[in-house]
Amino acid sequence: MPFESNSLEEHWMPFSGNRDFKLDPRLVVKSEGMYCWDHKGGKLIDGSSALFCSPAGHGRREIADAVHAQMIENDYTPHFQLGHPGSFELAERVARILPEPMNHVFFTNSGSESVDTAMKIALAYHRARGDGQRTRFVSRERAYHGVNMGGLSLSGMVKNRETFNLTLPNISMIRHTWTEEQRFTNGQPQTGAELAEDLQRVCESYGGSTIAAVFIEPVAGSTGTLVPPVGYLDRVREICDQHGILLIYDEVITGFGRMGTAFAAEKFGVIPDVATMAKALTNGAIPMGGVAVRDEVYDTVTNASPQNAIEFFHGYTYSAHPAACAAGIATQKIYEEDGLFERANDMSSYFLDAVWSLKDHPLIADLRGIGMMAGVEVKHDGVPGRRGTQLQKDMFWNGLHVKFTGDNGILAPAFVAERSHIDEIIDKFRKTLDQHC
Ligand SMILES: Cc1ncc(COP(=O)(O)O)c(C=O)c1O
């Protein structure tokens, strides 16, 4: 008997107001290029690449065809003491676009898994060097590093934490980089580099030799696009080097062209030791994440065990799943063949100028942006987050998808966007703001 769902009750939706959503659902039933269609037939333009996942636009046949062919050829091979060719090809392709000397990639299934994997890689690396007392991690206020217990412990967004207070010990939080004088700065703020000294203070309080790694989103994404001040990342790198601390970039959003370069590391000219990735690795089509490391990190961990032994006791049943690898390879080919990172770079100033055209609107509190990513912060209505949540819903019915976190709308269009698409996104954003005046 054919089954057609008539109930929304059974699915407990993530990061959603379940009761509210189910009273007035917003279902996407089709997506193609820059657009999606809802269950009532409405057409929406996608202003956030879904969840910053789909820079090549939706419904890419090349990816679907590659996954289909892979599923028929070989549907699943685990990677524990076994392999399939796709993972090696994908790792090689990713290594090719990573900055030197980052040439090794460990695959996961999400950004959250990538962050927890990166924490374990840091611990394994120090232990292999005989530096096993390094068990402290440093992260930042307003950071988002996923929802697993490691990444949650590194996150600085209160709503994500307060219910789950049993987080890891030995985590020090330093300040985020946004300051009042940066309000409405387009690109990198000129002020705020001195906030990197917070890391030095943690080293002085706890001893730099007890710190395993510092986690940094090069541009803090989910909190509403906080762009690093000029000189900030350089100073963080310097302090890490001085104390033997690993610098870990969480590039789950910034990876794969969002900054107009393959990775944010290249954009800012400061190379980490480890970098997480997910989302755009497969254009969002199949869940997949990864952790890239410098050669020295890989070599140290792998060479610390006897030839025949497992070197890193970590992995997931679905690490480097063949379908995900096929999607990843097809996606990387599209990025390369269509020159999408260069396209993102070329479109960035048009996009950011369009975003800044909202500055005069009475509901706008701040604008921040770089590359193909911008935070549009609206004034709260007395209850933080309430207006943003309502705006997101109203935009949907006005034909625009934008991801909001609290009162921050995060615009991140696909790199296939034409100028007319950018105009349409900003136009619909403004019109929806007008309805709230
Ligand atoms: C910087 C960063 N790290 C980690 C994550 C978690 O990724 P996932 O939702 O795939 O677990 C996200 C998700 O938005 C992110 O933005």
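Residues are numbered from 1 along each chain as its sequence is written. Because the model is predicted, local features need pLDDT of at least 70 and side-chain atom pairs count only at pLDDT 80 or more, while totals for chains, interfaces and linings use all residues.

**Exercise 1.** Determine the strand order of the open sheet and find which strands stand at its edges.

Solution. Begin with the elements, which are DSSP runs numbered from the N terminus, helices (H or I) having at least four residues and strands (E) at least two. Two strands pair if DSSP finds at least two bridges between them. On this basis seven strands form an open sheet with mixed pairing, in the order E4-E10-E9-E8-E7-E5-E6. Strands E4 (102-108) and E6 (171-174) each have a single partner strand, so one side of each lacks a neighbour in the sheet.

**Exercise 2.** Describe how strand E7 pairs with strand E8.

Solution. Strand E7 (residues 211-216) runs in the parallel sense with E8 (residues 246-250), over four bridges. As one example of a bridge, Ile216 has Tyr249 in E8 as its partner.

**Exercise 3.** Characterise the shell of residues around the ligand.

Solution. A residue is near a molecule if its C-beta atom, placed from the backbone, lies within 6 Å of it. There are 14 residues around the ligand, of which Ser110, Gly111, Ser112, Gly146 and Val252 come nearest. Helix H5 (residues 111-128) supplies the largest share, three residues. For the classes, Ala, Val, Leu, Ile, Met, Phe, Trp, Tyr, Cys and Pro count as nonpolar, Asp, Glu, Lys and Arg as charged, and the others, Gly among them, as polar. The shell then divides into five nonpolar, seven polar and two charged residues.

**Exercise 4.** Classify the packing of helix H3 on helix H12, and of helix H14 on helix H15, by angle.

Solution. Axes are lines fitted to C-alpha atoms over the stretch in contact, and angles between N-to-C directions run from 0 to 180 degrees. The axes of H3 (residues 61-73) and H12 (residues 322-337) come within 8 Å and cross at roughly 150°, which makes H3 roughly antiparallel to H12. Helices H14 (residues 386-397) and H15 (residues 419-435) pack at about 120° with axes 10 Å apart, and H14 is therefore oblique to H15. Under the cut-offs, angles under 35 degrees are roughly parallel, over 145 roughly antiparallel, 65 to 115 roughly perpendicular and the rest oblique.
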